[in-house]
Amino acid sequence: MPDYKTLKLRLQLMVSILALSIVIIAAIGISQARSEPESAQPMPIGNAPDDIHPTPEEILLEKGMSLTVPDLIATLKNENEKEEIRFWAVIALGRTGDLSASLPLIETLRNKNSKLREAAALALGKLQDPSAISHIKEALQDPSEGVRSMAVQALGQIGRDEAIAALGEKVMDLNEPSVNIRANAAFRLGQMGLDSAVPWLIAGLKDKSLEVRASSAIALAEFGNREAIPSLIEILKVPNARESLVVKAMNGLKKFTGQDFGYPKKHFAPATKEERDEAIRRWIEWWENH
């Protein structure tokens with residue numbers, strides 16, 4: 001019978017062999033994964049992030065459509081094609097980055113179908129073609145609120161002084177029935193980060209609409225413009241102000257000043273009246289001392 005030392009050595013040997021086997025198996029698995037051809041890996045189609053599916057391209061391919069720019073344009077212009085297919089063709093054209101798609105997309109801004117006009121505005125924003133700005137500006141007066149909203153987004157994506165002026169005019173457009181569109185125009189001006197947007201945003205601080213004033217102030221905070229602070233504090237004073245505005249105002253103040261005097265979000269921890277009043281008091285005190 002083996003003595004104790006022999007049994008101990010055998011046991012240690014078995015443990016070592018088992019550990020080595022595990023390492024070898026893992027190494028083989030990693031090697032196979034690395035050597036697997038790329039064609040075997042699922043690849044996203046188009047320019048969408050990996051977690052957004054199906055993409056417009058995937059939808060069109062599933063329908064048997066070609067994704068070349070000329071074929072997408074032909075699909076768009078085919079009035080006998082289903083509206084859904086034409087819609088996705090428009091979106092896909094914007095995602096190609098090919099400026100030869102600009103003209104047919106501009107023409108689509110005048111299509112009788114409002115969904116196609118929306119898609120065209122969105123696609124032109126993706127293309128970022130400066131020559132389309134004047135046409136997108138016209139879409140800011142479209143009878144469809146959805147088209148006007150997409151036109152605002154598109155101008156924000158393209159940039160340039162002409163686009164800034166168009167968005168600034170929309171901020172101040174008192175004939176615009178949707179306050180949200182005017183507020184979004186101010187928001188887009190802030191996102192563009194161009195100094196020529198500042199005068200429009202300062203003008204927006206004097207608007208009658210709280211939404212427009214709030215968006216203008218929040219956008220101005222991105223420029224580090226001190227004129228935004230009183231309007232941001234004003235938002236906090238408004239009884240029953242929409243929580244999203246309150247949160248944006250607080251974030252704008254924090255980002256601009258580097259201070260944080262607290263204010264719990266309602267959907268996480270409901271703020272009491274005392275907490276709200278205290279936060280407002282501390283912000284006002286800070287502003288008066290600076």
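## The nonpolar core

A nonpolar core is a set of buried Ala, Val, Leu, Ile, Met, Phe, Trp, Tyr and Cys residues joined through side-chain atoms within 4.5 Å, where buried means under 20% relative accessible area with a 1.4 Å probe and protein chains only. This is a predicted model, in which local features need pLDDT of at least 70, side-chain atom pairs count only at pLDDT 80 or more, and totals for chains, interfaces and linings use all residues. Residues are numbered from 1 along each chain as its sequence is written, and side-chain values use heavy atoms, leaving out hydrogens and water.

In the largest nonpolar core, which has 73 residues, Ile136 and Leu232 touch the most other members. Setting aside neighbours within four places in sequence, Ile136 is in contact (heavy atoms within 4.5 Å) with Leu109, Leu124, Ala151, Ala154, Leu155 and Ile158.

## Helix α8

Let's turn to α8. This helix (a DSSP run of H or I, at least four residues, numbered from the N terminus) covers residues 145–158. From first C-alpha to last, α8 reaches 20 Å, close to the 20 Å expected at 1.5 Å a residue, taken as 1.5 Å times one less than the number of residues.

Among the buried residues of α8 are Ala151, Ala154, Leu155 and Ile158. The buried residues of α8 pack against α6 (114–127), α7 (133–139), α9 (160–171) and α10 (179–192).

## The ends of α8

Ser144 caps the N-terminal end of α8, with a side-chain oxygen 3.3 Å from the backbone nitrogen of Gly146 (a polar contact is a pair of N or O atoms within 3.5 Å; within protein, one must be able to donate a hydrogen and the other to accept it, and residues adjacent in sequence count only if both atoms are side-chain atoms). After α8 comes Gly159, with a positive phi near 80°.

Methods:
Helices (H or I, at least four residues) and strands (E, at least two) are DSSP runs, numbered from the N terminus. Buried means under 20% relative accessible area, exposed over 50%, partly exposed in between (1.4 Å probe, protein chains only).
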